[in-house]
Amino acid sequence: MSETLLFSLKVVASIFGYFTMATLTRQDLNFGQVVADILCEFLEVAIHLILYVRDVYPSGIFQKRKKYNVPVQMSCHPDLNQYIQDTLHCVKPLIEKNEAEKVVVVIMDKEHRPVERFVFEISQPPLLSISSETLLSHVEQLLRAIILKISVCDAVLDNNPPGCTFTVLVHTREAATRNMEKVQVIKDFPWIVADEQEVHMEEAKLIPLKTMTSDILKMQLYVEEKTQKT
């Protein structure tokens, strides 16, 4: 049984520097931390790009940058950036312990009704011994493919109504939910149980975008889109 919590995000400095030498096994590094660093850095880029592509905020607050060797749009609004960073900072401990099942970006209309849910379904498979160079190249290539898919997702999605907002949800295992109720990672940034309407969307169609599989991380990205948005 899983629970869904609402919260906000912090990104870590580039983590690919971890993989520089020799062959890695599970005992060589804390792979939970490595996966959390990789995933949180990726999610920061992905969330910014989703907000840009889906016109949640004016294009003028975004700037073109290069991530995963491809151009992306990143917000330059300090309050928005801080919210995203704080959210990921709260998500990271759950990913480290393999307690997060899904991270969901929910786009809502003026009445706070969900119109789209970008669902990142994640799992950590058993790690095999693998060379660091191979791991770096393979994971970065897979994440780049997901970013490229997000950048063109408007081709398969209907336009959103004006005045949309967004929030970020995390689906956790039940034991993790009980523990997180006692922990506040960031002051004045508590965990909140998500509203039912944010978790479940009626009359929605499911649109698969991309799946990745590597030795340290499996992830599936799909969109739940409301059939009638207006």
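Predicted model: local features only at pLDDT ≥ 70, side-chain atom pairs only at ≥ 80, totals over all residues.
Student: Which residue follows helix 1, and what is its phi?

Tutor: D55 follows helix 1, with a positive phi near 55°. Y68 also has a positive phi, near 55°, and is not a glycine. Y68 sits in the loop between strand 3 and strand 4. For H112, again not a glycine, phi is positive and near 60°; its loop runs between strand 5 (100-108) and strand 6.

Student: Is Y68 buried or exposed?

Tutor: Burial is read from relative accessible area (buried under 20%, exposed over 50%, partly exposed in between, with a 1.4 Å probe and protein chains only). Y68 has 8%, so it is buried. H112 has 45% and therefore counts as partly exposed. Over the protein chain, 51% of the 230 residues count as buried.

Student: How do I check the length of helix 2?

Tutor: Compare the end-to-end distance with the expected span, which is 1.5 Å times one less than the number of residues. Helix 2 covers residues 78-96, and its 19 residues should span 27 Å; the end C-alpha atoms are 27 Å apart, so the two agree. Helix 1 has 23 residues and reaches 32 Å from first C-alpha to last, close to the expected 33 Å.

Student: Where does helix 2 bend?

Tutor: A bend at a residue is the angle between axes fitted to the seven residues ending there and the seven starting there. In helix 2 a kink of about 25° lies at C90, shortly before the proline P93.

Student: Which residues of helix 2 are buried?

Tutor: The general idea is that an α-helix has 3.6 residues a turn, so residues three or four places apart point the same way. In helix 2 the buried residues include L80, I84, T87, L88, V91 and I95. Helix 1 is mostly covered, with 21 of its 23 residues buried.

Student: What does the side chain of D37 meet?

Tutor: A polar contact is a pair of N or O atoms within 3.5 Å; within protein, one must be able to donate a hydrogen and the other to accept it, and residues adjacent in sequence count only if both atoms are side-chain atoms. D37 belongs to helix 1 (residues 31-53) and makes a side-chain polar contact of 2.7 Å with K92. D37 counts as buried because its relative accessibility is 0%. D37 and E96 lie 59 residues apart in sequence but 8.6 Å apart in space, C-alpha to C-alpha.

Student: Which side chains form polar contacts with E116?

Tutor: The side chain of E116 pairs with N160 at 3.3 Å and with K229 at 2.6 Å. E116 is placed in strand 6 (residues 114-123), and at 0% relative accessibility it counts as buried. Beyond residues up to four places away in sequence, E116 touches residues including R54, V106, D158 and E224. In the protein chain, residues 24 or more positions apart account for 79% of the contacts with a separation of 6 or more.

Student: How many cavities of 30 Å³ or more does the structure hold?

Tutor: A cavity is a set of points, on a 1 Å grid over the protein atoms alone, where a 1.4 Å probe fits but cannot get out; lining residues have an atom within 4 Å of a point. Points are joined across faces, edges and corners, and the volume is the space filled by probe spheres set on them. The structure holds one cavity of 30 Å³ or more. The largest cavity has a volume of about 30 Å³. Its lining includes V35, L39, I95, N98, I122 and S123. Helix 1 and strand 6 are the elements that give two or more residues to that lining.

Conventions:
Residues numbered from 1 in each chain as written. Heavy atoms only, no water. Helix = DSSP H or I, 4+ residues; strand = E, 2+ residues; numbered from the N terminus. Contact = heavy atoms within 4.5 Å. 1 Å grid on protein atoms, 1.4 Å probe; cavity = no way out; pocket = protein on both sides within 12 Å on 5 of 7 lines; lining within 4 Å.
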